[in-house]
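Please examine the sequence and the structure shown below. The dialogue that follows treats selected features in turn.

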Amino acid sequence: MKLLKYGDTGASVELLQLALTRAGFSPGEVDGIFGARTRAAVTDFQREKGLRTDGVAGQQTQQALLPWYTGYVVHTVRPGDSLYRIAREYGGTLRAVELANPGLDPYNLRIGSAVIVPLDFPVVPTDIRFGSAALGYSVRGLAARYPFLTLSEAGSSVLGRPLYTLRFGVGEKQLLYNGAHHANEWIVSPLLLHFLEKLCAAYVSGGGIAGYSAQALYEAVTLTVVPMVNPDGVDLVVGDLTGGEYEAARRIAADYPSIPFPEGWKANIRGVDLNLQYPALWEQAREIKFAQGYTSPAPRDYVGPAPLTAPESRSLYALTQQLSPALTLSYHTQGEVIFWKFLDRQPPRAEEIGRRFAEVSGYALEETPYASGFAGYKDWFIQDFNRPGYTVEAGRGVNPLPISQFPEIYRDNEGILILGMALA
């Protein structure tokens with residue numbers, strides 16, 4: 001947990017401010033600036049919890065705030081406890097407690113045993129900048145609240161950050177959705193997780209999304225979601241990377257003064273564009289990008305020394321081979337476009353499904369421009385599997401898109417996300 005104090009800025013401060021707000025200690029506007037009001041809220045929280053009142057969100061304070069980061073409390077059973085009483089103590093519901101503890105006998109609660117208690121707010125934040133800290137808390141919270149989700153890791157980033165995966169469903173047909181190959185396209189990570197949270201809620205309630213039964217989809221397919229392929233780069237863009245790694249990236253960016261830093265950063269933290277790392281005519285991508293001047297580590301468009309040299313792309317490549325999915329969605333921003341082909345390769349049903357995606361989203365179904373048409377994840381998937389694979393460019397504007405666009409982006413893409421499961 002990162003120590004946060006007066007004067008700090010960035011996505012982690014927004015996350016702290018959100019947790020304080022959830023806990024009932026308002027820091028004022030959630031703006032990512034650790035100012036006087038945030039310090040006062042931290043101090044009030046510390047006083048309430050019997051901690052040292054120094055106004056610094058250190059390890060003990062962050063640990064005490066954990067339930068308001070992850071959306072659940074771990075309650076130790078006391079004499080006289082019942083599940084109903086435990087749920088009421090934390091403002092939750094009996095049904096939510098029962099769902100989070102599927103093996104628990106409510107008539108035989110053992111003193112000292114642990115009970116997971118979901119709190120009364122959505123786990124995934126959709127109104128703050130979303131870095132790797134928000135990602136980690138969100139996936140933990142979802143897996144605790146919905147234990148039928150399988151949380152694992154596909155690998156790790158250059159700096160050792162986990163590449164989390166969440167798996168929903170038990171069907172034989174595998175699907176794989178991924179997001180945030182590019183650092184300044186981080187808004188697609190909460191997009192994928194918010195969809196997954198809604199899907200889980202629909203599953204436990206017996207409901208559906210866009211007319212499709214969540215329970216029927218759970219039985220028919222297995223959906224694996226990799227919400228953030230590039231956590232190091234994302235943290236650089238959202239203001240959560242400091243010290244030597246930040247300075248190293250800044251030195252790389254200095255060779256490309258026309259690209260704003262860090263807002264224009266797409267690459268991983270070593271300056272390799274992760275969506276130009278796949279073995280799908282990688283040499284052609286290298287020729288194109290070198291001609292454009294990207295011949296060494298850069299904020300974007302450097303293909304790397306060879307395919308699959310970046311650990312993040314290599315991990316997603318290996319996961320895809322392991323799953324052999326029937327369909328993939330790779331989420332990016334921006335342009336409100338769906339790309340569906342690799343050169344002249346047209347997998348069976350790919351155009352038909354793509355047209356359905358375009359209909360429900362209002363996005364255009366297009367062929368990838370030649371200069372961007374090689375060495376991407378979608379390109380490699382179509383080449384090697386000959387199955388429908390899509391790059392979805394969500395939203396419109398200049399990356400990174402503001403979080404204020406999230407409601408519109410989610411509205412436009414929910415149909416794509418659910419149809420991917422229904423039509424694969």
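Q: Does Asn386 count as buried, partly exposed or exposed, and at what relative accessibility?
A: Asn386 counts as partly exposed, at 43% relative accessibility; buried means under 20% relative accessible area, exposed over 50%, and partly exposed in between, with a 1.4 Å probe and protein chains only. This is a predicted model, in which local features need pLDDT of at least 70 and side-chain atom pairs count only at pLDDT 80 or more, while totals for chains, interfaces and linings use all residues. Residues are numbered from 1 along each chain as its sequence is written, and side-chain values use heavy atoms, with hydrogens and water left out.

Q: What is the phi of Asn386, and where does the residue lie?
A: Phi of Asn386 is near 50 degrees, a positive value in a residue other than glycine. Asn386 lies in the loop between α15 and β12 (389–394); helices (H or I, at least four residues) and strands (E, at least two) are DSSP runs, numbered from the N terminus. Ala375 also has a positive phi, near 70 degrees. Ala375 is in the loop between β11 (364–366) and α15 (377–385) and counts as buried, at 0% relative accessibility.

Q: How is the packing of α1 and α2 to be read?
A: Two packed helices are described by the angle between their axes and the distance between the axes. Helix α1 (residues 11–22) and helix α2 (residues 36–49) pack at about 50 degrees, with their axes 11 Å apart; axes are lines fitted to C-alpha atoms, for helices over the stretch in contact, and angles run from 0 to 180 degrees between N-to-C directions. The two helices are therefore oblique to each other: angles under 35 degrees count as roughly parallel, over 145 as roughly antiparallel, 65 to 115 as roughly perpendicular and the rest as oblique.

Q: Which residues of α1 and α2 meet?
A: Leu16, Gln17 and Leu20 of α1 meet Thr38, Ala41, Val42 and Phe45 of α2, where contact means heavy atoms within 4.5 Å. The residues of this contact divide into 5 nonpolar, 2 polar and no charged; Ala, Val, Leu, Ile, Met, Phe, Trp, Tyr, Cys and Pro count as nonpolar, Asp, Glu, Lys and Arg as charged, and the others, Gly among them, as polar.

Q: At what angle do α14 and α16 pack?
A: Helix α14 (residues 350–361) and helix α16 (residues 406–423) pack at about 150 degrees, with their axes 8 Å apart. They are therefore roughly antiparallel to each other. By class, their contact has 6 nonpolar, 3 polar and 2 charged residues.

Q: How many salt bridges does a search of the whole structure find?
A: Side chains of opposite charge can pair when their charged atoms come close. The search finds 18 salt bridges, each being a side-chain nitrogen of Lys or Arg within 4 Å of a carboxyl oxygen of Asp or Glu. One of them joins Arg129 and Glu14, whose closest N and O atoms are 2.5 Å apart. Arg129 lies in the loop between β2 (114–118) and α7 (132–145) and Glu14 in helix α1, so the pair ties together parts 115 residues apart in sequence. Arg129 is partly exposed, with a relative accessible area of 26%, whereas Glu14 counts as buried at 8%.

Q: Which residues are linked with Arg161 in a network of salt bridges?
A: Asp232 and Asp235 are linked with Arg161 in such a network. The closest N and O atoms of Asp232 and Arg161 are 3.2 Å apart, and both residues are buried.
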